[in-house]
Amino acid sequence: MGNVHKTYRKRARRLYRILIVISVLVLITAIAAFYLYGDGNASKGNPEYSDPTDAREVGQLEKSIDSVSGFIKAPGLRETIINCTPCHSAQLVTQNRMTKEGWLSTIRWMQKTQNLWDLGENEPIILEYLAANYAPVEKGRRENLEVEEWYVLEE
């Protein structure tokens, strides 16, 4: 009986040590993820998520697309990524065009029915970003097709 008990205790200690190591690794990973993607100051070092408002002159910025999210690079990009993409893809946002009031109505609907959290001080930043970059566009009639080569359909 003594040997069985000793063997059991050794295995229990080994399992305990393994669980401690795994817990520490998970904790380190969570801290690193928060540091890289959740904290505003940490993300400033990441060029993919740099906030365009950090540029010396915002007027120098051209509208380009963020290679990671697909959003237009503009002030408010970081807040929009952090608050919108945990629940749905950026494509769901970029395919829509709304006024500021329309975006606010959509946010309120998501808060009421989809458990979206209170955006707090980020809400006006996100609304400005969406209204400026994903506002309705009046195009009128579609553009003419440019056909390189015409061919005749045979009956």
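F71, Y129 and Y134 form one aromatic cluster. The model is predicted: local features need pLDDT of at least 70, side-chain atom pairs count only at pLDDT 80 or more, and totals for chains, interfaces and linings use all residues. Residues are numbered from 1 along each chain as its sequence is written, and side-chain values use heavy atoms, without hydrogens and water.

**Exercise 1.** Classify the aromatic pair of F71 and Y129, and state where each residue sits.

*Solution.*
1. The whole structure holds three aromatic pairs. Rings of Phe, Tyr and Trp (its six-membered ring) pair if their centres lie within 6.5 Å; planes under 30 degrees apart are stacked, over 60 edge-to-face, the rest tilted.
2. For F71 and Y129 the centres are 6.2 Å apart and the planes make 85°, so the pair is edge-to-face.
3. F71 lies in the loop between helix 2 (40-43) and helix 3 (77-84), and Y129 in helix 6 (residues 122-133), 58 residues apart. Helices here are DSSP runs (H or I, at least four residues), numbered from the N terminus.
4. F71 is buried because its relative accessible area is 0%; buried means under 20%, with a 1.4 Å probe and protein chains only. Y129, at 1%, is also buried.

**Exercise 2.** Describe the lining of the largest pocket by element and by class.

*Solution.*
1. Of the 18 lining residues, the closest to the pocket centre are H88, L92, V93, T106 and M110. Lining residues have an atom within 4 Å of a point on a 1 Å grid; a pocket is an open set of such points with protein on both sides within 12 Å along at least five of seven lines.
2. Helix 5 gives the largest share, five residues.
3. By class there are 13 nonpolar, five polar and no charged residues. Ala, Val, Leu, Ile, Met, Phe, Trp, Tyr, Cys and Pro count as nonpolar, Asp, Glu, Lys and Arg as charged, the others as polar.

Methods: Helix = DSSP H or I, 4+ residues; strand = E, 2+ residues; numbered from the N terminus. Buried < 20%, exposed > 50% of the residue type's maximum accessible area, 1.4 Å probe, protein only. 1 Å grid on protein atoms, 1.4 Å probe; cavity = no way out; pocket = protein on both sides within 12 Å on 5 of 7 lines; lining within 4 Å.
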